[in-house]
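Please keep the sequence and the model open while reading.

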Amino acid sequence: MSRLLGGTLERVCKAVLLLCLLHFLVAVILYFDVYAQHLAFFSRFSARGPAHALHPAASSSSSSSNCSRPNATASSSGLPEVPSALPGPTAPTLPPCPDSPPGLVGRLLIEFTSPMPLERVQRENPGVLMGGRYTPPDCTPAQTVAVIIPFRHREHHLRYWLHYLHPILRRQRLRYGVYVINQHGEDTFNRAKLLNVGFLEALKEDAAYDCFIFSDVDLVPMDDRNLYRCGDQPRHFAIAMDKFGFRLPYAGYFGGVSGLSKAQFLRINGFPNEYWGWGGEDDDIFNRLSVPILRISLTGMKISRPDIRIGRYRMIKHDRDKHNEPNPQRFTKIQNTKLTMKRDGIGSVRYQVLEVSRQPLFTNITVDIGRPPSWPPRG
């Protein structure tokens with residue numbers, strides 16, 4: 001009897017255990033079925049949300065068009081149609097370049113005794129593009145600067161200029177291009193006319209230029225805090241050359257290196273074209289900018305200068321160029337600036353471009369600017 005009762009209890013226990021297992025399997029199946037339904041439900045909302053966020057204009061335009069047009073039909077899903085292709089990623093917006101660049105060195109050691117092949121200068125400036133163009137990779141400059149160099153037979157000086165100035169301009173966080181305006185032939189040199197040509201030709205390449213730095217090829221700044229930028233007033237950079245004992249030679253001196261905005265340059269009708277030979281053109285430019293007439297300057301502008309401790313320059317020593325003898329008419333012309341500036345300038349410059357060659361560190365523009373008249377021009 002006890003054996004029979006024990007067998008019955010064993011069968012009952014097995015049946016209960018089997019029933020519990022069956023109940024557990026059913027519960028697991030139901031659990032995963034409900035989970036899948038919830039997942040599908042929330043997936044529809046999560047898919048709908050980003051579409052509205054990425055295409056707010058498309059969403060709003062669809063709904064507004066359906067309200068304004070009685071015959072408009074909605075899409076089969078009842079939701080606004082979303083373009084299948086999303087726009088590609090946009091480049092991040094760079095912050096403005098700082099007014100005081102953090103990487104400036106200050107006083108520099110400048111020497112012109114070491115050999116300076118162009119290949120070395122090119123290796124030192126890998127970020128400079130063909131034609132001498134550079135843009136800072138980490139910020140957006142406020143200006144686009146064209147550096148204009150009047151030139152003839154100064155290849156040795158140009159290599160030193162490129163060696164020192166490219167690193168300086170890059171540390172100053174400038175967006176810039178370098179233009180060497182090469183006077184063709186052996187006629188009398190005309191610095192100011194070449195600068196006018198450089199202004200026009202740089203703008204032909206890039207209309208975004210709004211600041212122009214006019215620099216002699218034999219002058220190198222001794223301090224990179226002398227920022228090659230344009231301001232509210234014309235800027236004279238080279239105020240303390242070693243040639244003059246690191247002093248301004250006279251109050252009206254505007255030679256060597258100067259900077260004008262596009263608007264300032266046009267306001268004075270550019271530079272004079274009639275100064276053939278050495279001297280006088282920078283004084284004429286100074287007169288156009290700031291000589292007072294009845295206590296009012298010709299153009300309402302005033303020249304600005306850096307601190308004399310920062311505006312120091314080294315000049316590469318050289319003999320005076322052939323066909324660049326002193327201009328005997330310069331003193332007479334300087335006295336008549338107010339009479340000649342309206343007719344002689346950027347509006348009257350005549351020249352012919354012979355060649356444009358984009359080199360790794362600069363753009364060379366060879367031009368024929370004519371020859372001086374055989375008799376003194378009037379005025």
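Rings of Phe, Tyr and Trp (its six-membered ring) are taken as a pair if their centres lie within 6.5 Å, and planes under 30 degrees apart count as stacked, over 60 as edge-to-face and the rest as tilted. The model is a predicted one, in which local features need pLDDT of at least 70 and side-chain atom pairs count only at pLDDT 80 or more, while totals for chains, interfaces and linings use all residues. Residues are numbered from 1 along each chain as its sequence is written, and side-chain values use heavy atoms, with hydrogens and water left out. Helices (H or I, at least four residues) and strands (E, at least two) are DSSP runs, numbered from the N terminus. Buried stands for under 20% relative accessible area, exposed for over 50%, and partly exposed for values in between (1.4 Å probe, protein chains only).

**Aromatic rings**

- Ring pairs join Tyr179, Phe199, Tyr209, Phe212, Phe214, Phe265 and Phe271 into a cluster.
- Under the pairing rule, the count comes to 13 aromatic pairs.
- Phenylalanine 112 and tyrosine 164 make an edge-to-face pair, with 6.2 Å from centre to centre and 90° between the planes.
- This pair links distant parts of the chain, 52 residues apart, since phenylalanine 112 sits in the loop between helix H2 (56-68) and helix H3 (118-124) and tyrosine 164 in helix H4 (residues 155-171).
- Phenylalanine 112 counts as buried because its relative accessibility is 15%, and tyrosine 164 counts as buried because its relative accessibility is 12%.
- The ring centres of phenylalanine 265 and phenylalanine 271 lie 5.0 Å apart with the planes at 65°, and the pair is therefore edge-to-face; phenylalanine 265 and phenylalanine 271 are both buried.
- Arginine 312 lies over the face of phenylalanine 246, at 3.8 Å from the ring centre, where a charge sits over a ring if NZ of Lys or CZ of Arg is within 6 Å of the ring centre and within 35 degrees of the ring normal.

**Buried parts and nonpolar cores**

- A nonpolar core is a set of buried Ala, Val, Leu, Ile, Met, Phe, Trp, Tyr and Cys residues joined through side-chain atoms within 4.5 Å.
- The largest such core has 41 residues, and those with the most contacts inside it are Leu158, Trp161, Tyr176, Ile213, Tyr228, Val257 and Tyr313.
- Two or more residues of this core come from each of strand S1 (144-151), H4, strand S2 (175-183), strand S3 (211-215), strand S4 (219-221) and strand S10 (312-315), and H4 gives the largest share, eight residues.
- Residues up to four places away in sequence not being counted, isoleucine 213 touches Val145, Ala146, Val147, Ile148, Tyr228, Arg229, Phe237, Val257, Ser258 and Gly259, contact being heavy atoms within 4.5 Å.
- A second, separate core of 32 residues includes Ile268, Leu289, Met301 and Val367.
- Helix H7 (residues 281-290) is largely enclosed by the rest of the structure, because ten of its ten residues are buried; among them are Glu281, Asp282, Asp283 and Asp284.

**Salt bridges**

- The structure holds 16 salt bridges, each a side-chain nitrogen of Lys or Arg within 4 Å of a carboxyl oxygen of Asp or Glu.
- Glutamate 205 and arginine 133 form a salt bridge through their side chains (3.4 Å, N to O), linking parts 72 residues apart: helix H5 (residues 191-205) holds glutamate 205, and the loop between H3 and S1 holds arginine 133.
- Glutamate 205, at 28% relative accessibility, is partly exposed, and arginine 133, with a relative accessible area of 21%, is partly exposed as well.
- In the salt bridge of arginine 314 with aspartate 242, the closest N and O atoms are 3.1 Å apart.
- That pair also links distant parts of the chain, with arginine 314 in strand S10 and aspartate 242 in the loop between strand S6 (240-241) and strand S7 (257-261), 72 residues apart.
- Salt bridges that share partners join Arg133, Glu205, Asp206 and Arg358 into one network.

**Sheet**

- Seven strands form an open sheet in the order S5-S7-S3-S1-S2-S12-S11, with mixed pairing, and two strands pair if DSSP finds at least two bridges between them.
- Strand S5 (235-236) and S11 are the edge strands, each pairing on one side only.
- S5 pairs with S7 in the antiparallel sense over two bridges, and the bridge partner of histidine 236 in S7 is serine 258.
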